Amino acid sequence: MSACDNRESAVQPTTQTPRPKRIAIFKIVEHPAIDAMEKGFREAIARDPAMANTQFQTYNANGNEGSVAMYADTIVRGGYDAAFVLGTPCAVQLKARTKTMPIVLGGATDPVGTGLVASAAKPGANITGTTDLPPFAEHLRFLRALMPHVQTVGVIFNPGEDNSRLAVEALERVARTQQLNIKRIPIHAAVEISPAIAANAHSIQALCLPTDNLVHSNMGPALRAAATVRLPAFDCDVDSVKSGALFSVAVSYYDLGTLSARMVHDILVGGKNPADMPIGEIDKPQVYINERVASDLGLTPPEKWGTPVHVVK
C-alpha cells in the first residue's frame, strides 16, 4: 500500500451513531393509574424521533420500603440519562442520592408539600414533572349534586404515605368550605381495607378513595367492600368507575405520562434545566359516573353540569 493510500484512509470521515438514551422507570407499585402513566410515557418516547432507540429499565418496588432504597442506589450507580419516577416514596429516596441526574415525576400528588420541589412554578435542583392532585372541590360538589343530604365523607388511606396524608389534608380543607365533615379511616395493610370500610359504614354516607398507592393497588376489594354495605365510593381514576366506583372527577393518567415524556425530551434533547421547568398538570378533568352503580343506589345524575358527564355502563 502506498503512502498516498495511507494518507487518504486517514482523512476519511467517520460516522458515529448517537448513543441511545437510557431512562430508568422507577415505580412504587403496579396499579391501573401508574400502569397508564408508564404506558403513556413509553409510547410518547417511542413516537419521538429525537429519542429513537431509547433504552428503558423498570424498577418496581412492589410497595416495599427496603426495595425502594435498594433500587434508588441501583439507579444512581447505573448512570442513567434520566429517571421517570412513579410514586412519592421513590422520588424522595432518589432525590436524597443524586443532585445531577434529571428526575421527572409522574403524577406526584403534592411535590411541594412533600419537599420534593421548592415550588410548582420553579422546582429548583434536578427535579420536575407532573402532578395528579385530585380536584376535590369538584368531587364534593358533584357528590352533593347526587346526594344533597350527605354530611360525612369517609376517606380511607395509608398514613405512612406522605402523598396520601397531604391529599387527605387537602380534602379536609375543601370540605370545610362546603360544610362537609371528613372522617379519616387509616389503614396500614391490604387486609385492613375491607374490615375498615365495614366498620365505618354506619357513620359515613360516602367513601373517598384518594391517590393512595395501597388503596389503588387493592381497588377491587375496596369497591366490593363498599358495595356490600351500599356505600357510594368515588375517586380520581376513570378505571375505578369502570370497576364499580360511583363516580370520578378524573384526569387521564395516560396523558400525564405523555406530558412527562415531553418534559424528558425538553431536558435530554432541548437542553432545558429541570430546576426551571414548572410542574405540569392536565387541565379540565372529566366527570365519569357508573350508570349501574348509580341505579343500584337510587341516585340520579344531575341534568345540568358545568362539564360533560360521561356515563360508564
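Modeller: Exposed means over 50% relative accessible area, buried under 20%, and partly exposed in between (1.4 Å probe, protein chains only). This is a predicted model: local features need pLDDT of at least 70, side-chain atom pairs count only at pLDDT 80 or more, and totals for chains, interfaces and linings use all residues. Residues are numbered from 1 along each chain as its sequence is written, and side-chain values use heavy atoms, with hydrogens and water left out.

Colleague: OK. Is N53 buried or exposed?

Modeller: N53 counts as exposed because its relative accessibility is 63%. N53 has a positive phi of about 65°, although it is not a glycine.

Colleague: Where does N53 lie?

Modeller: In the loop between α2 (32–47) and β2 (55–60). Helices (H or I, at least four residues) and strands (E, at least two) are DSSP runs, numbered from the N terminus.

Colleague: And N62, what about its phi?

Modeller: Positive, about 50°, and N62 is not a glycine. N62 lies in the loop between β2 and α3. At 57% relative accessibility, N62 counts as exposed.

Colleague: Switching to T131. Buried or exposed?

Modeller: T131 is at 14% relative accessibility, so it counts as buried. T131 lies in strand β5 (residues 127–131).

Colleague: Which residues does T131 touch, leaving out those up to four places away in sequence?

Modeller: G107, A108, T109, P111, L256, I279, G280 and E281. Contact here means heavy atoms within 4.5 Å.

Colleague: What lies 3.3 Å from a polar atom of the T131 side chain?

Modeller: The backbone nitrogen of L133.

Methods
Polar contact = N/O pair within 3.5 Å; in protein donor to acceptor, adjacent residues only side chain to side chain.
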